[in-house]
Amino acid sequence: MKTIDEAFAEQQAALDRAVEASLALRQFCSLHATEEWTPEIGGALKPLLKELTTAAESLGYKSRVAFLYNERRLGLR
């Protein structure tokens, strides 16, 4: 079983990943904002959206785990 510090460290890593994915997507959109939509742009966008979705799902899971550890530690469960 993980310690609360490990759970929070994993949560922070997941948050960092989500922020990095969001920044990459924002940069991509800024670079291509004035361009006509093409299959190449769509193809390049797809992995960025997948990374952001995966990172957000991971953050949600890690946050839930950290919450449960904290709940247990405080004796609320």
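Which helix is included in what covers the buried residues of α1? Helix α2 (39-73) is part of that cover. Welcome to a predicted model, where local features need pLDDT of at least 70, side-chain atom pairs count only at pLDDT 80 or more, and totals for chains, interfaces and linings use all residues. Residues are numbered from 1 along each chain as its sequence is written, and side-chain values use heavy atoms, leaving out hydrogens and water.

View 1. Helix α1 spans residues 4-31; helices here are DSSP runs (H or I, at least four residues) numbered from the N terminus. Its buried residues (under 20% relative accessible area, 1.4 Å probe, protein chains only) are Ile 4, Ala 7, Ala 14, Ala 18, Ala 21, Leu 25 and Phe 28.

**View 2. A closer look at Ala 14.** Ala 14 lies in helix α1 and is buried, at 5% relative accessible area. Leaving aside neighbours within four places in sequence, Ala 14 is in contact (heavy atoms within 4.5 Å) with Ala 55, Ser 58, Leu 59 and Lys 62. Ala 14 and Ser 58 are 44 residues apart in sequence, yet 6.2 Å apart in space, C-alpha to C-alpha.

**View 3. Two salt bridges.** The count comes to two salt bridges (a side-chain nitrogen of Lys or Arg within 4 Å of a carboxyl oxygen of Asp or Glu). One joins Lys 62 and Glu 10 at 3.3 Å, N to O. Lys 62 lies in helix α2 and Glu 10 in helix α1, so this pair ties together parts 52 residues apart in sequence. Glu 51 forms a salt bridge with Arg 17, the closest N and O atoms being 2.8 Å apart. That pair links Glu 51 in helix α2 to Arg 17 in helix α1, 34 residues apart.

Technical notes:
Helix = DSSP H or I, 4+ residues; strand = E, 2+ residues; numbered from the N terminus. Expected span 1.5 Å × (residues − 1). Buried < 20%, exposed > 50% of the residue type's maximum accessible area, 1.4 Å probe, protein only.
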